[in-house]
Amino acid sequence: MSEYRTVFGSLNHYEKGGVEVIEDNPKHYVFSNLFEVASKSKPYEKICVGKNLKYVIEAVRAEGNSPWFSASHDEAALCMDGEVEVHFVKPEQQLVPDTKEGSVKINGEPKGQKMGWVRVRRGHMALLPKGSAYQFRSPKPGVLLIQTIQGDHTVECWADICQTA
Amino acid sequence: MSTASISNLEAPALGRDLGYKAFTIGKFRFERDEYFAHILYPMGRHLMPIDAFLRALMRDVAWGFFYGTVNFDPVLGTVNHYGTVDLFMGLCNPAYRQANRAYIENFPTKDIKAVFEGMLDDWTNEGFDPFAAPDETGKPYGPKRGNNRKAVQRQRVVAKRMVGLPGDTGYRTDANGYTVNRHFLDVPQDQPEVHAEPGFESEVHAFNLFGYLSRSDVTWNPSVCSVVKDSLMCPTTEENILPIFHGNDRVEWFIQACDEIIWEIEDGSTGKPRAKVIMKAGDVAAMPADIRHKGYSPKRSMLLVWENNDNSLPEKYQRGELKPYPAEF
């Protein structure tokens, strides 16, 4: 047995660090904890926890079945807690134009060919391939980190999630 | 205009031949002895402990001079201009600047890369791995003793789309020499279930990123694992101390995947202390574009470094078109 214990976080247990200011504004570090964010979010709200101009990292509470989403570009989903299935469909027609960035919610279930599915647990990363439609399914609460581009459904609420003083 | 050369000088300035080559580029001259790297330049002479110097040099070479400024210590460093590189003494040190002791030369990247690679190759003794945590490697001291080319010539992982996809960078396994690190023996190695319909095997894809990271044989070496246009997720495993102070030329973000890192934050140009950032599992923080940072990781930890690879950003930050922090609230 290893003498070292690797400490991961989860929805049920996380310890938060913080910014100790010497001469600066703590807001400049936009400091949050993704488990804390997901613990206060509604299922599949895409809460922005990282933003680098148009690119974002979203913390998502996975619980139940999500709407179907699609994007004109690749995205990546990293499971940080729980066990989540991702189901993929190749739509009969392109759902999101190439000029549109960020993920787009699809009304209902998209028509098209089933591409397959993956089941991810903590530490597993899944590709959300461009042009596909995808749905998350998670019977129990979990946490996903989505690497994507800011879209219509990205929620910025920095003052609610970040250290301010 | 600069000239680069890799010289095997017969009469080292230090007066003792320990078997190491001396290296020159422009008006800089680098020599080493048992314990120190000696950097001679027109304004004077600077010393660094050889272990600290080689660890910093290893990152600068492996990262291709990285984004922005790589401070080897409070005096010596490089600034990447993506095609050329500044090699400087005292540029980010107010005392050196005020005393007119700062010195800077600009070199084509290929020239300084060749000199740095030559130095790393010649000065790294057998048994010392500058990429490894101090507890995992031998000592760099003493007269020249063999080499460690296998360690210093590692290629940084740069996935084109995502690790494990057909034609992309591969997995780490026992079979290809990447065993689980001693600090991560408790990290699950299970793989995700992947059920791809015929014809979609290259798109329906998932892999165990934390398992992949647990098998990394290097520290403080962000590697690209997933790509969304210019958004690069660059996870890395960290143990002990980041061997440089990194002053980015753009905002970068850190997501702590497990364990803890304490970041010392200083002003990017003056070195004045600005903050400490304590990051635990699940914490997310931005590193503003006008700071420099050094990390301390008591136990080997996993850090997701997230970068925006847009090449137009450094000039926009320099011109003040973009604020050095990423969000206002």
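**Figure 1. Polar contacts between domain 1 and domain 2 of chain B in the predicted model.** Between the two domains of chain B, 15 residue pairs are in polar contact, both partners at pLDDT 80 or more. On the domain 1 side, helix H1 (50-62), strand E6 (69-71) and helix H2 (94-98) of chain B each contribute at least two residues to the face touching domain 2 of chain B. H1(B) gives the largest share of that side, 4 residues. By residue class, the side of domain 1 of chain B that touches domain 2 of chain B holds 15 nonpolar, 5 polar and 5 charged residues.

**Figure 2. Salt bridges across the interface of domain 1 and domain 2 of chain B.** The rule finds 3 salt bridges across this interface. In a salt bridge of chain B, the side chain of Arg182(B) meets that of Asp135(B), at 3.6 Å from N to O.

**Figure 3. Domain layout of chain B.** The domain assignment places domain 1 at 4-152. Domain 2 is made of two segments, 182-217 + 219-318. Taken over C-alpha atoms, the centres of the two domains of chain B are 25 Å apart. Domain 1 of chain B brings 25 residues to the contact, and domain 2 of chain B brings 26 residues.

**Figure 4. Area buried between domain 1 and domain 2 of chain B.** Together the two domains of chain B bury about 2,000 Å². Carbon and sulfur atoms account for 50% of that area. Three residues stand out on the domain 1 side: Trp63(B), Tyr67(B) and Asn71(B). They supply 31% of the area that domain 1 of chain B buries against domain 2 of chain B, more than any other three residues.

Definitions and conventions. Residues numbered from 1 in each chain as written. Chains lettered and ligands numbered in written order. Predicted model: local features only at pLDDT ≥ 70, side-chain atom pairs only at ≥ 80, totals over all residues. Heavy atoms only, no water. Domains from an automatic or database assignment. Contact = heavy atoms within 4.5 Å. Buried area = accessible area lost by both parts, 1.4 Å probe. Salt bridge = Lys/Arg side-chain N within 4 Å of Asp/Glu carboxyl O. Polar contact = N/O pair within 3.5 Å; in protein donor to acceptor, adjacent residues only side chain to side chain. Nonpolar A, V, L, I, M, F, W, Y, C, P; charged D, E, K, R; others polar.
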